[in-house]
Amino acid sequence: MGATLVDPETVFLSYDTKIGRDVVIEPNVFFGRGVTIEDNVVIGPGARVIGPLTIGRGATIGPNAVVTEDVPSHSTVTAFSDGSHESSVAEKRHQIHSPS
């Protein structure tokens, strides 16, 4: 089970992009240098992944999201219609791991 490129002619992969198993990459996605994509990841159309960074197992990158730092496993990164983004991954880690 390899990666599925929905429209391979519109996906830009750097020579050193590493892609795991069962990854789905939608059209018009750009990957900068040093990107590692672990297994079972879905990357929505128009996403920009600027490395070096790792997208963890089971993560989802929403349409038009801009990713500039590591994404933990089973996380979701989205872009809002006004171009702003959800809280940074570091803020999410803090929220997830902070004692209540």
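# Close-up views

View 1. F12 is partly exposed, with 45% relative accessible area; partly exposed is the range between buried (under 20%) and exposed (over 50%), using a 1.4 Å probe and protein chains only. This is a predicted model, so local features need pLDDT of at least 70 and side-chain atom pairs count only at pLDDT 80 or more, while totals for chains, interfaces and linings use all residues. Residues are numbered from 1 along each chain as its sequence is written, and side-chain values use heavy atoms, with hydrogens and water left out. You'll find F12 in the loop between β1 and β2; strands are DSSP runs of E with at least two residues, helices are runs of H or I with at least four, and both are numbered from the N terminus.

**View 2. T17, tucked into a loop.** T17 sits in the loop between β1 (4-5) and β2 (18-19). T17 is buried, at 15% relative accessible area. Setting aside neighbours within four places in sequence, T17 is in contact with F31, G32, V35 and I37, where contact means heavy atoms within 4.5 Å.

**View 3. The β2-β5-β8 sheet.** Here three strands make an open sheet in the order β2-β5-β8, with parallel pairing. β2 and β8 are the edge strands with a single partner each, so one side of each has no neighbour in the sheet. Two strands count as paired if DSSP finds at least two bridges between them. β5 and β8 run parallel and are joined by three bridges, and V35 stands opposite L53 in β8.

**View 4. The β4-β7-β10 sheet.** This is an open sheet of three strands, again with parallel pairing, in the order β4-β7-β10. At the edges are β4 (30-31) and β10 (66-67), each pairing on one side only. β7 (residues 48-49) is linked to β10 by two bridges in the parallel sense. One to pick out is V49, whose bridge partner in β10 is V67.

**View 5. Inside the largest nonpolar core.** Of its 19 residues, F31, I37, I43, I55 and I61 touch the most other members. β5 and β8 each supply at least two residues of the core. A core is a set of buried Ala, Val, Leu, Ile, Met, Phe, Trp, Tyr and Cys residues joined through side-chain atoms within 4.5 Å. Not counting residues up to four places away in sequence, I55 touches T36, I37, E38, V41, I43, V49, I61 and V71.

**View 6. R57 meets D39.** Their side chains form a salt bridge, 3.2 Å from N to O. R57 is in the loop between β8 (53-55) and β9 (60-61) and D39 in the loop between β5 (35-37) and β6 (42-43), so the pair ties together parts 18 residues apart in sequence. A salt bridge needs a side-chain nitrogen of Lys or Arg within 4 Å of a carboxyl oxygen of Asp or Glu. A search of the whole structure turns up one. R57 is partly exposed at 41% relative accessibility.
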